[in-house]
Amino acid sequence: MRRALVLAALLFVAPAGAADEAATPVATSTPVVDLVRVVKSERRLYLLSGGQVLARYRIALGPHPLGPKRQQGDGRTPEGRYVLDAKKADSDYYKAIHISYPNADDLARARALGAKPGEAIMIHGQRNGYASLGIFLQRTDWTNGCIALANADMDEVWNRVAVGTPIELLP
């Protein structure tokens, strides 16, 4: 038995210079996503690199998608330019990427209304336990103001978008 383990270890020894090769960055053919764009009227999320659309996805929004988010509980998705500032794998939804809403303008608008601006606006997949309904849920606006994707689409966005990527939310 010991002889078999030694033989197996010898078979898995890296060839000379392999450590140096592993440290060399490998060029990738997948362009880096440098902007996420949401066009609410189209119900689409776009991944862009250098102004070129790399991918597009069908989205669901809140029940009152027209116009910018004004206050907590209005069922609207914000409009403006923000940053994707955190990823949350253990969300109540299938993965979530946090949007840096509210910004200073959002806070001022809510303050003028005497209201709270709301928080926790995310791009996320389906609510945990409801993945099988995703194809149907994506045909209606069901979130509280977030941007929802089918879980398979959320996997792609999660893997391609880095924390710190800007996001534009357009009418």
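Predicted model: local features only at pLDDT ≥ 70, side-chain atom pairs only at ≥ 80, totals over all residues.
Helices (H or I, at least four residues) and strands (E, at least two) are DSSP runs, numbered from the N terminus.

View 1. The chain has 5 helices and 8 strands. The chain holds 171 residues, and 36% of them are buried. Take the contacts between residues at least 6 apart in sequence: 61% of them join residues at least 24 apart.

View 2. Strand β1 covers residues 35-39. Is this strand mostly covered or mostly open? It is mostly covered, with 4 of its 5 residues buried. With strand β2 (residues 44-49), β1 pairs in the antiparallel sense over 5 bridges. Here R37 stands opposite Y46 of β2. The hairpin of β1 and β2 has 4 residues between the strands, and R43 in this hairpin takes a positive phi near 55°. With strand β8 (residues 166-170), β1 pairs in the parallel sense over 4 bridges. V36 has I167 of β8 as its bridge partner.

**View 3. The hairpin of β2 and β3.** These strands pair in the antiparallel sense over 6 bridges. Look for L45, which stands opposite Y57 in β3. The hairpin has 2 residues between its strands. G50 lies in the turn and has a positive phi of about 55°.

**View 4. Strand β8 beside β4.** How do β4 and β8 pair, parallel or antiparallel? They pair in the antiparallel sense, over 4 bridges. R81 has E168 of β8 as its bridge partner.

**View 5. The largest nonpolar core.** This core has 24 residues. Those with the most contacts inside it are V36, L45, L47, I99, I123, I147 and I167. Which elements each supply at least two residues? They are β1, β2, β3 (52-58), β4, β5, α5 (151-160) and β8. Helix α5 gives the most, with 3 residues.

**View 6. L47 and what it touches.** Leave aside residues up to four places away in sequence. L47 then touches V33, L35, V36, Q52, V53, L54, A55, Y57, V157, R160 and V161. L47 is also among the core residues with the most contacts inside the core.

**View 7. Two aromatic pairs.** A search of the whole structure finds 2 aromatic pairs. One joins Y82 and Y101: their rings lie 6.0 Å apart, centre to centre, with 65° between the planes. Planes over 60 degrees apart count as edge-to-face, so this pair is edge-to-face. Y82 lies in strand β4 (residues 80-88), and Y101 in the loop between β5 (96-99) and α3 (104-113), so the pair ties together parts that are 19 residues apart in sequence. Y82 counts as buried, at 3% relative accessibility. Y101 is buried too, with a relative accessible area of 3%.

The other pair is Y93 with W142, at 6.2 Å centre to centre and 35° between the planes. This pair is tilted. Y93 lies in the loop between β4 and β5, and W142 in the loop between α4 (134-137) and β7 (147-148), so the pair ties together parts that are 49 residues apart in sequence. Buried means under 20% relative accessible area. Y93, at 18%, counts as buried, whereas W142, at 22%, counts as partly exposed.

**View 8. A lysine over a ring.** Which residue lies over the face of W158? K87 does, at 5.0 Å from the ring centre.

Notes:
Residues numbered from 1 in each chain as written. Heavy atoms only, no water. Phe/Tyr/Trp six-rings, centres within 6.5 Å; stacked < 30°, edge-to-face > 60°. Buried < 20%, exposed > 50% of the residue type's maximum accessible area, 1.4 Å probe, protein only. Lys NZ or Arg CZ within 6 Å of the ring centre and 35° of its normal. Pairing = 2+ DSSP bridges. Core = buried A, V, L, I, M, F, W, Y, C linked by side-chain atoms within 4.5 Å. Contact = heavy atoms within 4.5 Å.
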